[in-house]
There are 2 protein chains.
Amino acid sequence: MPTRIKAPGRTADPVLVIGSIAYDNIITPHATGENILGGSAAYASLAASYFAPPQLVGVVGHDFKKRDRQKLLRRGIDLSGLTTDESGKTFTWKGRYHENYNRRDTENLQLNVFEKFHPHLNAQHQVVPYVLLGNIRPSLQLAVLAQLSAPRFIVTDTIDIWIETQSEALKEVIRKTDLLIINDTEAGKLTGETNVPIAGKRLLELGCRAAIIKKGEHGALLFHPEGLFALPAYPVTELRDPTGAGDSFAGALLGYLAATGKTDFPTLRQAMIYGTVVASLTVEAFSTDRLTDTGCREIRRRRKELLRMIKV
Amino acid sequence: MPTRIKAPGRTADPVLVIGSIAYDNIITPHATGENILGGSAAYASLAASYFAPPQLVGVVGHDFKKRDRQKLLRRGIDLSGLTTDESGKTFTWKGRYHENYNRRDTENLQLNVFEKFHPHLNAQHQVVPYVLLGNIRPSLQLAVLAQLSAPRFIVTDTIDIWIETQSEALKEVIRKTDLLIINDTEAGKLTGETNVPIAGKRLLELGCRAAIIKKGEHGALLFHPEGLFALPAYPVTELRDPTGAGDSFAGALLGYLAATGKTDFPTLRQAMIYGTVVASLTVEAFSTDRLTDTGCREIRRRRKELLRMIKV
């Protein structure tokens, strides 16, 4: 049994995570990581596993390593929804981070088996109440939503390309979303508004029940009908690879909701603290290395430190 | 008597503000402001005036308008240290803000009478306990420090040019500083460290007792021997002109310390809240317009709003 941070007197509900599993090639100003486990669903489900039992829905190719499957299984992640498509290779992404890590370029992207991916939920997946729609094509996100029989809280992520090319389908997803989590650039593209506080209000007007705009090292803002919550980032002093920070944030956040069984404004604020802390671990190493070897103790310690930092 | 936010059962100590008084020409993507009152000492003393009686030390030329002098006097600012140099014109600065306001260029700068400015403190100024050294030449900041007979808390501001050209004198000022307030770019140049949490630690190693790194719309971080404090910015939705935001932040912060007579870590955190709120007013209008017509009620209202926003 993997260690978990538990809500008092309650067994965590499961979390369904849909997204990519990838082999990444990462170049940073200081080092490179070759053919390392990545993808939104890998980061998010590992992050969620510190709070609730994740069920992963995704696809890998014939080259997916047993070692990487073991990494996920050891954290208690249910892989009954992870298809192996023997006809091709796992999705790969090559990205380069520039000085200060605040800009990255995609140097290569091979969809491989991900190109034909169509999420099919089995009976067990269909009834999961907490769902994270990773940044896949909006039409696939809609296909997942249509298969859910008892969704309680839907978290949606997306990226620039879908905002630019699939805006209508994406807006339909957003209307069915409880919490949209995107970064400031994406929020600007989606709303046409570069002022973050205004962009946040526009996101709620698109029909999601709440929205978080992430600002990387500058923290994140939660826009909610009951108010605004602004959270600074955990101060990372050993940045190695920012890949997966956003997915880890979303996964840990949703995991915490599933652990507590609550989704109100105060619980969302607490969940953001955990999301921020778990994201801070992810960026301190390549791939999911820090996510898989960190214990609950370090998560609790950083949470306390962050709470002390933001207390007036 | 100008309205003030008072500490219970205490009369505020005075605040000494040394810096520039300027006529600015500001071009933003949406409007322009011509020949408008600006300069670090104008913004900082107006901001401080909401908490404590400021004494301004600076110089203006023969063109300084009676109307602008009245603006300062109406907020209870002592101008016995404001010299009028009839031999020339007031310092002028022309700056252009680009899209999103996060970059600005200096298009013209005429030091005029400011070139020969040498701060001379009269007997009244010399005993003021709370002192703001605005971003003038470090050698002049040292000259001010040498004239003080009972300094209790020294706040220092500086800009890129002094970091690049007067690094040794600046470091001497910093060693005599209780609180250094600079932005993230300046902190990077001063410490050679672009990671803000690390740069903050390096600033303390330079010998100031505490340091604040400002990040504009992303808030500010206080580095203190007792810990770190991270504060998001007040969410400004009507940005008109960012000029003077940093000076207003520093002025209000120091004014609050002078009002309470305390300079410990918890009081500094409270003072940052007020600094952030007063800076949010400054940027909503050109020049000092919003600073001179806002009442204490609006400052108190925004403070409450900001406190609600950051509460976990």
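Reply: Start with handedness: a crossing is left-handed if the near helix is turned anticlockwise from the far one by less than a right angle, and right-handed if it is turned clockwise. Bear in mind that this is a predicted model, where local features need pLDDT of at least 70, side-chain atom pairs count only at pLDDT 80 or more, and totals for chains, interfaces and linings use all residues. Residues are numbered from 1 along each chain as its sequence is written, while chains are lettered from A and ligands numbered from 1 in the order in which they are written. Helices (H or I, at least four residues) and strands (E, at least two) are DSSP runs, numbered from the N terminus.

Now the helix pair. Two packed helices are described by the angle between their axes and the distance between the axes. Axes here are lines fitted to C-alpha atoms, for helices over the stretch in contact, and angles run from 0 to 180 degrees between N-to-C directions. Helix H9 of chain A (residues 245–260) packs against H10(A) at about 140 degrees, with the axes 7 Å apart. That angle makes H9(A) oblique to H10(A); under 35 degrees would count as roughly parallel, over 145 as roughly antiparallel, 65 to 115 as roughly perpendicular, and the rest is oblique. The crossing of H9(A) and H10(A) is right-handed. Residues touch if their C-beta atoms, placed from the backbone, lie within 7 Å. On the H9(A) side the contact includes Phe249(A), Leu253(A) and Tyr256(A), and on the H10(A) side it includes Met272(A), Tyr274(A) and Val278(A). By class, this contact has 12 nonpolar, 7 polar and no charged residues, where Ala, Val, Leu, Ile, Met, Phe, Trp, Tyr, Cys and Pro count as nonpolar, Asp, Glu, Lys and Arg as charged, and the others, Gly among them, as polar.

H10(A) also leads you to the other chain. The contact between the chains takes 24 residues from chain A and 24 from chain B. In chain A, helix H8 (196–205), strand S13 (227–231), helix H10 (265–282) and helix H12 (296–310) each give two or more residues to the side touching chain B. That side has 13 nonpolar, 8 polar and 3 charged residues. The same surface serves both: 100% of the contact residues of chain A recur in chain B.

Strands pair if DSSP finds at least two bridges between them. In chain A, an open sheet of 9 strands runs S5-S4-S1-S8-S9-S10-S11-S12-S13, with mixed pairing. S5 (78–85) and S13 of chain A stand at the edges with a single partner each, so one side of each has no neighbour in the sheet. Neighbouring strands are turned by 15 degrees on average, direction ignored. Further in, S8(A) and S9(A) run parallel, joined by 4 bridges, with Val131(A) opposite Ile154(A). Helix H7(A) (residues 184–191) packs on the sheet, touching S10(A) and S11(A), and makes about 110 degrees with the direction of S10(A).

Over in chain B, S12(B) and S13(B) pair antiparallel over 5 bridges. A hairpin joins S12(B) to S13(B) through 2 residues, and Leu222(B) stands opposite Phe229(B).

Conventions
Contact = placed C-beta atoms within 7 Å.
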